[in-house]
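Trainee: I have a new model open and would like to learn how to read its features. Could you walk me through it?
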Amino acid sequence: MNLGSQKVILVLMVVLVGLGVSISIRLAKATYRSPLKTDSVPFVAVGTLETGWADESSCIGCHEQAENFPMTGHANTLTAADSNASWGVLADLEQSQIGRAEQVSVSRDSSKIFLQRRLSDDSAAQVPLDWCFGSGAHARTWVTTLTDSLGQTDLLEFRWTWYHHSGDFELTPGQPDQCGAGHLAQFGLQFDGARAWRCFSCHSTRLPTSRGKLDFEGMHAGVTCQRCHGPRQKHVDADGLTTDPRWAFTDRDNEVSRCAECHRDVGEQEPSAVRPGNPDIARFQPIGLSQSECYLKSDMSCTTCHDVHRPMSAQSSRRISQCTQCHDEQDNQQTHCGAGMLDRCIDCHMPALDTGRGLKFVDHWIRIPDESGNL
Amino acid sequence: MMSRRPPRTAFAGWWLIAFGLCCAKCLVTLQSDVFLLEPASIMASSSLSLVVWELPVLRVGILQDGLLVSKWLAAAIAAALIVWLLNRLARRRSIGFSVVVIALLASAWAPEHLLTWFWLIIIGPLLQVDSDCRWTWRHLVLGLIGLVGSAVTTVDFSMVLILVLVSVSDKILRERRRTGKLNRPALTLVVIALTASVVASFSLDGFANTLLRPLTAMQMAVLETPFAGLEPVTSSWLESLLLAATISLVIGDLQNSLSADPSGRPNRIGLLIVLGVGVFCRYYIPIVMPVLLFYSAFGHMKLLQAQKPPASLQLPTQWVLRFVVVLSVIGITAIHTIGLRPVLSANPFRQRLVNLKALTGEVKVLLMSPGMTSHWKGPEAPLRTQLLLDDRWDRFRPGQAETVQQVFADFARGRREIYLLENGESAGARRWIDSQKPDLLVLSSNDWTAIRQLSLNPNWNVIAIDGRRTVFATADRPDLNMRAGDASRLWFFLEWPNPRSQVSLEGFLEPGLDSDSVKVAGVLNAMRLPYAALRVLPDVDSFEADLQRAWSYTELVVRCARQNGRTSLLDLIRARKLIDQLRAQRRPSGIVPEKLERLELALKKAVDLKFQPRVQTPGSDSSGAKGRRYVLEGRFKEAEDIGVDASVNSDARMVSILLTGLKGSADNWQDRLRGVADSPDCPVNVRHEILFYLGCLALENREVEQAVSCFQQALATPDGFSNLCQLYLSQLTR
């Protein structure tokens, strides 16, 4: 073998050994890297994106829907506890029946609202209030945020909720009749970081999150334009000439799924709970709707009846125009009301169910009552 | 060529040596059972159905358990195969060569590779490059047997196929050059092998993925795809380094062979392919080793043979190379035999994985942290384990790994239900996890966030913890629920050691080595059991141990704030001092400072919570209130200075004693603390607080009677810490 070949072999040897060593070291590093990269996933929740968000005041300039949207329940579904809307009803807690029974009072200083509870030994316990959930159309519930030892945001949901239908305070749905032991437990239930994220992510448009810590300064409270239409800074920058196809509904199932993200879908319930007339699922409209004959045999979706850009009070979702699209009295080919009614369809086919504490929700499982009028 | 075979008695001796070395590699687990065939894996959700190659041989009823045999029997089989291989190489045999072969293979053997070894040995003669070795139809049959056998019984048949194709093609070319004719048997074998591979790839699910395993492995290693961690990593970087050195020696030896007659030169393409696979993917090391030995036996590793060395190699170089080879072999053997860390800690035989063999019935296991498949094929695994996902990279089609990763991340963070991703798609773990219906979820014991989320999930219970994995069991299976109940009793006993509790660590918790215990402590902290974490923490001076200790104290501060609405000065001072110390140590890791920041944030938030009505805040002008405020603000020096003043009240004295005592600058500080509590001028609320702290310290030190006494005395005058006193008392005396 000549000298040239030997040199080639030598170089090859050096290269291979170097390669082997470098790969070994890299693989060794891989061994110690967290294999389940829970903080580095292919795609992050849209609400946690840090960039791409437009100032929604710019929507009004081009979209008339944006004018009335701030009055919707969606837009006001989360407010600071010291906001006027929140304080306006919270101040009455002390005088309410349950407030007097459980010896609760509310106070306010320049920066915070506090809830106090007088204890049996004449001392008092206190917690600050941070956020008010709910627009007030049905109810308002208050929470305070906590930090666990991992730095994640936990939640304390208060026992007392204000209900619109009674204009009074009562126990919050899901809270035990008797308060628990412990400083926080006497005020309500504690939710872990995952549940806290779930609560805020459904009541906000943007929710920056870092390793379970919710960034409230960066949060955009309330469900507003970009919650459904996606981050729109590029759209605004281009004077509306660009749209992001990722945020267009592909079909009606996709549309209902978007609503079900917060209003819940059928898979989230135990199969035994998915039955007509069950008040426990009446709050979760996509579940009932997706089981309805009307839904299964037509192309209807949530927006067939609801215009999400307008307040419920300004919508025509309770009228019969939606029903008569398929059940037109003038069209003999279509199915008509067996009771001979021409209006007030909802009263019989979608009655409001009491879901507890007097809180009523329209049952979206559209169906025909039997002869005795039972659904 | 003449063959000089050794007597049978010599082979018996070699077998005994090989058997001993094979057993040594798995001494601790020798009594366990292992699979010789890769058991079938399911991965069959509708949306994420992964194409899985199921070994055809597993369709035979009797083999469906994957040929479960005792490990010592597998070791015996491995030793027999090693000696058989030695026999194949016998004509070039020397004592040194035989020792090297046995040591290398005994250090590399693994039950799942034995069948691949078998087929490699079967096709060994095909690699022969001697010009006088004529290829006949017998070789064709041998090649076909090797190919079909390996395809039916192993997932690594592609290595056999590569070797057959390369060596046979090489043979065809050589004969063509020499005689001008094509060797028909060889050509037939190539055509059959290629045709069968192509047809099977298109017609059999998963065949192509499995065929491409070596290439996928190399691609993943080079491109560092997101699931590179899926590679089965069972050895240390040092082992890889030694392998690299060994391989480089083989290449080095190659240069000598190049001076030989061109007709006897090795098939360099085949050798380079095999070397590449071995270098890029450690999984294939045990398979590459026998192949390299074949190459050496057929004329290319003259250094290891008792023959005259080539003239081109100088004598000192020969000795250096020999020395390196011997060191490499010894190193690999030692590390394979007992592992690197045990060697360093001089505690080689301590069990490190919790034994789950007591789990009966079929158990569907979902590994949520890759790199753990081997743990579920060993002696600690339940007998009937069904892995829903394993480490094998060929299980994933493009894009599926990312999807699974997204699901795992969602599940770990408690994001069960659908939510929108930045790409407009929906995420949420529920649908995927529900479709899999796992019985056990296995998380890395380092994944604290996920462990915390799952430990608070009523659908899952922690049933086992060791330094590497934390195992959760579904609440849907009654038998697992019973086990979860026993496990809960153990966790609570570790937190609140009630003397009446009957608990056992066996099968639930394996502290392992010190480094493992630190990780177990992390898991217990993540489960919000800080006293349990402190109990399992080893008494070692290490950054990681102190980090866990600081976390435990922080958890106690948070617990006290939430239960009592007060700040536990005892735990706050300890946590802050430890965090300050850890910060000063300047750990060169990005993760640890962030963890410290998280602890600091948690402490700050716990202290900031305005849980007491303003009317009850002590006067800000008293020395006790000042000292307390300084402690809460982290101004320890100023707080200590107040204590120097002899005229201070009990509150300030308590703060001062806590500060000096916890700093280690005062003896009998706990007695002095009790002295403050017992002094007649001590206010009731300060006495209550001191007794609470003394009770907590006794609880931490497992002095149950002392703790109960302190908590009972504290409750005699109820005040701000009563809630936790009652909770602890109820746990210790029930």
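Mentor: Gladly! Let's begin with a strand pair: β6(A) and strand β7 (residues 153-163) of chain A run antiparallel and are joined over eight bridges. Two strands pair if DSSP finds at least two bridges between them, and helices (H or I, at least four residues) and strands (E, at least two) are DSSP runs numbered from the N terminus. Within this pair, A:Thr145 stands opposite A:Leu155 in β7(A). The hairpin of β6(A) and β7(A) has five residues between the strands, and A:Gly151 takes a positive phi near 85° there.

Trainee: Before we go on, what kind of model is this, and how are things numbered?

Mentor: The model is predicted, with local features needing pLDDT of at least 70 and side-chain atom pairs counting only at pLDDT 80 or more, while totals for chains, interfaces and linings use all residues. Residues are numbered from 1 along each chain as its sequence is written, chains are lettered from A and ligands numbered from 1 in the order in which they are written, and side-chain values use heavy atoms, with hydrogens and water left out.

Trainee: Which strand does β6(A) pair with through three bridges?

Mentor: That is strand β5 (residues 131-133) of chain A, again in the antiparallel sense. A:Cys132 stands opposite A:Trp142 in β6(A). The hairpin of β5(A) and β6(A) also has five residues between the strands, with A:Gly134 at a positive phi near 105°.

Trainee: How many residues of strand β6 (residues 139-147) of chain A are buried?

Mentor: Buried means under 20% relative accessible area, exposed over 50%, and partly exposed in between (1.4 Å probe, protein chains only). For β6 of chain A, nine of its nine residues are buried. A:Ala139, A:Thr141, A:Val143, A:Thr145 and A:Thr147 point one way, A:Arg140, A:Trp142, A:Thr144 and A:Leu146 point the other way, and all are buried.

Trainee: How should I read the order of strands in a sheet?

Mentor: List the strands by who sits beside whom. Here an open sheet of three strands has the order β2-β3-β4 (chain A), with antiparallel pairing. Because β2 (104-108) and β4 (124-129) of chain A stand at the edges with a single partner strand each, one side of each is left without a neighbour in the sheet. Neighbouring strands of this sheet are turned by 25° against each other on average, direction ignored; the axes are lines fitted to C-alpha atoms, for helices over the stretch in contact, and angles run from 0 to 180 degrees between N-to-C directions. Five bridges join β2(A) to strand β3 (residues 113-118) of chain A, and A:Phe114 in β3(A) is the bridge partner of A:Ser107.

Trainee: What about a residue in a loop, such as A:Thr224: is A:Thr224 buried or exposed?

Mentor: A:Thr224, in the loop between β13 (220-221) and α6 (225-229) of chain A, is buried, with a relative accessible area of 10%. Its side chain makes a polar contact with the side chain of A:His220 at 3.1 Å. A polar contact is a pair of N or O atoms within 3.5 Å; within protein, one must be able to donate a hydrogen and the other to accept it, and residues adjacent in sequence count only if both atoms are side-chain atoms. Contact means heavy atoms within 4.5 Å. Leaving aside neighbours within four places in sequence, A:Thr224 is in contact with A:Glu56, A:Phe69, A:Ala75 and A:Thr205.

Trainee: What would a tilted pair look like?

Mentor: Take B:Phe492 and B:Trp496: their ring centres are 5.8 Å apart and their planes are at 45°, so the pair is tilted. B:Phe492 is partly exposed at 38% relative accessibility, whereas B:Trp496 is buried at 8%.

How values were computed. Rings of Phe, Tyr and Trp (its six-membered ring) pair if their centres lie within 6.5 Å; planes under 30 degrees apart count as stacked, over 60 as edge-to-face and the rest as tilted.
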